[in-house]
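Colleague: Hi! Could we walk through this model together, one question at a time?

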Amino acid sequence: MPVDDTTVAAQDHRAFEAGLDALEAPTLPPRPGPGAVFLRSVLPPIVAVVTFIGLWQLAYSTDLKPSYALPSPLDVFWTLDQTIRDGRAWDAISISVSRGALGFLASLAVGTVLGLAMWRSRWLRAAIGPFVSGLQSLPSVAWVPAAIIWFGLSDAAIYAVVLLGAVPSIANGLLAGFDQVPPLLDKVGRVLGLGTVGRIRHVLLPAALPGYLAGLKQGWAFSWRSLMAAELITYSPALGIGLGQLLNIGRELNAMDLVITSIFVILVVGVAIELLIFAPLERRVLRTRGLTH
Amino acid sequence: MLDRIDFDVAPGEFVCLLGASGCGKSTLLSLIAGLGTPTSGSIEVTVGRPALMFQEPALLPWLTAAGNVELALKARRVGRRERRTEAERLLTLVNLTGQGRKRVHELSGGMRQRVALARALAQDSRLLLMDEPFAALDAITRDALHEELIRLWSEQGLSVVFVTHNVREAVRLGQRVLLMSSRPGRIVREWRVEMTQPRAIESPGVSALATEITHHLRAEISRHAR
């Protein structure tokens, strides 16, 4: 009975293949529970911070430096508390973060267009590629004097420094993203019959996304650094007091507690934006591709 | 690289192209797929755009298994709702029922290659080109996929051009086996495989013909020694 034979063979094959699939499908290790996460990634940095503050307190108690140069951890804490209470910290944060955000968005637009142009034109890439890469290693604080001479003590000078700092990273990130796209994937797009636009939209852009995101993350870090350098040096009453300027006031008053407070706030804001915006975005993109657990 | 290649594939026929490295069999397949144009001569594909499978699954890692199949449907401008049901149907056809939501990295090598097969079927072409599609798989998985492919081929009435350097695989699958020479790539000999499908790769008939073809393949390769 050939019909029955075929049916039996088909069922056999289904069972055989399902068994293979069950045996061969990669098993991902289970996600660690909250206790394990605490022990593995939360506890160590807490221990480090406590140790650091302890050593600081020890240095203060033994008068390693005069107290105006090395205030106690508690002095700094009170200064931080007061700076937050009288509103200076919030004002400075809102001025700096809005500048940082605007500067980053402008860099994003310029860097993306530049990256695309360099990717489309081999000639343009050969011509300016080395300089764009070179600019990445130039500390953007070097642009501050030039920006002040061109634009005066103005927001324009600050934004110029931020753009010069962040645009190369973003453009290079996009280029690196495109370079990493396996040629085979583009071939797949052609075999499936996608046109140029379809291939760019459905294959090239998603494939380049991880590299582009890494570029954006680095671009933000560079924006923030450049912004602090620019604010520290560029002072005018019209500009308001950003975090960089708050730091400068501390230096002019010889108030080490305010200096440390400012450094602390600058660090916290930079890290917070990285952790709240870029890290989740990157994790999501990498996880869907199985590149991270 | 290729020279005086002349062969036809009849509707519903399964043809295996066999040859050593450097014989240009992959190039030939790319030309048939329309990924390049021959320097002289012409290729006539009467069934529209052929589907092509590679040695790597070449799935898009940011899409799910179903998403990969749906992209082929999207390229054919199939409507959104129809895409979903059609992708599910094709995944069932390759024995991946209910696995559509899995990401590429959650699938085994054999499962990935079956998703790639479902994606190729989604192109709804009468001609399926396969470029050593099972070469990277282990023997057991390859065996399962041979069975799968023969079943689909006979059910769907496809024409298949299957490139391989594995003689037994060629005899296991094809109705015709074409042996290619290297540098330049030419078709030097042709065998008709008279055994009926499904046939087992370890059957005496497959073994006997594979031994004969291997003899010719070795002779062809030895010509390049100096």
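Colleague: Leaving aside neighbours within four places in sequence, which residues is B:Phe162 in contact with?

Modeller: Keep in mind that this is a predicted model. B:Phe162 is listed with those having the most contacts inside the largest nonpolar core, which has 120 residues. Leaving aside neighbours within four places in sequence, its contacts are B:Phe14, B:Val15, B:Cys16, B:Leu17, B:Met130, B:Pro133, B:Phe134, B:Leu149, B:Glu169 and B:Leu173.

Colleague: With which side chain does the side chain of A:Arg99 make a polar contact?

Modeller: Among the contacts of A:Arg99, leaving aside neighbours within four places in sequence, are A:Asp155, A:Tyr159 and A:Glu231. The polar contact, at 2.7 Å, joins the side chain of A:Arg99 to that of A:Glu231.

Colleague: Now the interface! Which residue of chain B forms a salt bridge with A:Asp21?

Modeller: Good one! The count between chain B and chain A is 2 salt bridges. In the one with A:Asp21, the closest N and O atoms are 2.7 Å apart, and the partner is B:Arg114.

Colleague: Which helix gives the most to the side of chain B that touches chain A?

Modeller: Helix H2 (65–75), helix H4 (109–122) and helix H5 (139–156) of chain B each supply at least two residues there. With 7 residues, the one that gives the most is H5(B).

Key
Residues are numbered from 1 along each chain as its sequence is written. Chains are lettered from A and ligands numbered from 1 in the order in which they are written. This is a predicted model: local features need pLDDT of at least 70, side-chain atom pairs count only at pLDDT 80 or more; totals for chains, interfaces and linings use all residues. Side-chain values use heavy atoms; hydrogens and water are left out. A polar contact is a pair of N or O atoms within 3.5 Å; within protein, one must be able to donate a hydrogen and the other to accept it, and residues adjacent in sequence count only if both atoms are side-chain atoms. Contact means heavy atoms within 4.5 Å. A nonpolar core is a set of buried Ala, Val, Leu, Ile, Met, Phe, Trp, Tyr and Cys residues joined through side-chain atoms within 4.5 Å. Buried means under 20% relative accessible area, exposed over 50%, partly exposed in between (1.4 Å probe, protein chains only). A salt bridge is a side-chain nitrogen of Lys or Arg within 4 Å of a carboxyl oxygen of Asp or Glu. Helices (H or I, at least four residues) and strands (E, at least two) are DSSP runs, numbered from the N terminus.
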